[in-house]
Amino acid sequence: MLMTAAYGAPLSKEESLLKTLIKDLEFLGKSKDKIHFDLYTPNEKQECSWQTLQCYLTEMSTLENEIEDEDFHTLQNIKKNLQSLMDLTTPGTGCKICEANDKKLFPAFHQELSNFLKSMLKQIS
């Protein structure tokens, strides 16, 4: 199904992925108080978007055993869309590896990822 903006113009693939990811994160956010897990949380600038997405994707994979069954499908969608977004993003240079980032509890990780995706969306809108 082709997503369209309010004025009827088709969204770019990147914009569509970002909007879907942000919405899926909102669903997953409802469980954030049930997930007690430290995750590497990137704080890189936009030049390192690929590495930041890669780190978030890797950390999302570690959540698979920590989430409730009702959130599993949402997590799978997030992972698939993060990978698709990475495929559209150019790797940066001089970016730190995921493990060089601070570990944060899931609510902070969730908020940082949401903010990062919203900033990417703002840049292309």
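## Basis of the model

This is a predicted model, in which local features need pLDDT of at least 70 and side-chain atom pairs count only at pLDDT 80 or more, while totals for chains, interfaces and linings use all residues. Residues are numbered from 1 along each chain as its sequence is written, and side-chain values use heavy atoms, with hydrogens and water left out.

## The two disulfides

A disulfide is taken here as a pair of cysteine sulfur atoms within 2.5 Å. Cys48 and Cys95 form one such link, with their sulfur atoms 2.0 Å apart, and the value of -90° about the S-S bond makes this link left-handed. The pair connects distant parts of the chain, 47 residues apart, since Cys48 sits in the loop between strand S1 (38-40) and H2, and Cys95 in the loop between H3 and strand S2 (103-105); helices (H or I, at least four residues) and strands (E, at least two) are DSSP runs, numbered from the N terminus. Cys48 is buried, at a relative accessible area of 5%, and Cys95 also counts as buried, at 18%, where buried means under 20% relative accessible area, exposed over 50% and partly exposed in between (1.4 Å probe, protein chains only).

The other disulfide joins Cys55 to Cys98, with an S to S distance of 1.9 Å. Its torsion about the S-S bond is about 55°, so the link of Cys55 and Cys98 is right-handed. Because Cys55 lies in helix H2 and Cys98 in the loop between H3 and S2, the pair ties together parts that are 43 residues apart in sequence. Cys55 is buried, with a relative accessible area of 2%, and Cys98 counts as buried at 14%.

In soluble globular proteins, nonpolar side chains tend to be buried together.

Leaving aside neighbours within four places in sequence, Leu53 is in contact (heavy atoms within 4.5 Å) with Leu82, Leu85, Met86, Thr89, Phe116, Leu117 and Met120. Leu63, in the loop between H2 and H3, counts as buried at 0% relative accessibility. With the neighbours of Leu63 within four places in sequence left aside, its contacts are Ile35, Phe37, Leu39, Leu75 and Phe106; Leu63 and Phe106 are 43 residues apart in sequence and 9.4 Å apart in space, C-alpha to C-alpha.

## How H2 meets H3

The axes of H2 and H3, which are lines fitted to C-alpha atoms over the stretch in contact, with angles running from 0 to 180 degrees between N-to-C directions, come within 10 Å and cross at roughly 160°. H2 and H3 are therefore roughly antiparallel to each other, a term used for angles over 145 degrees. On the H2 side, residues making the contact include Trp50, Leu53, Tyr56 and Met60, and on the H3 side they include Leu75, Ile78, Leu82 and Met86.

Methods: Parallel < 35°, antiparallel > 145°, perpendicular 65-115°, else oblique.
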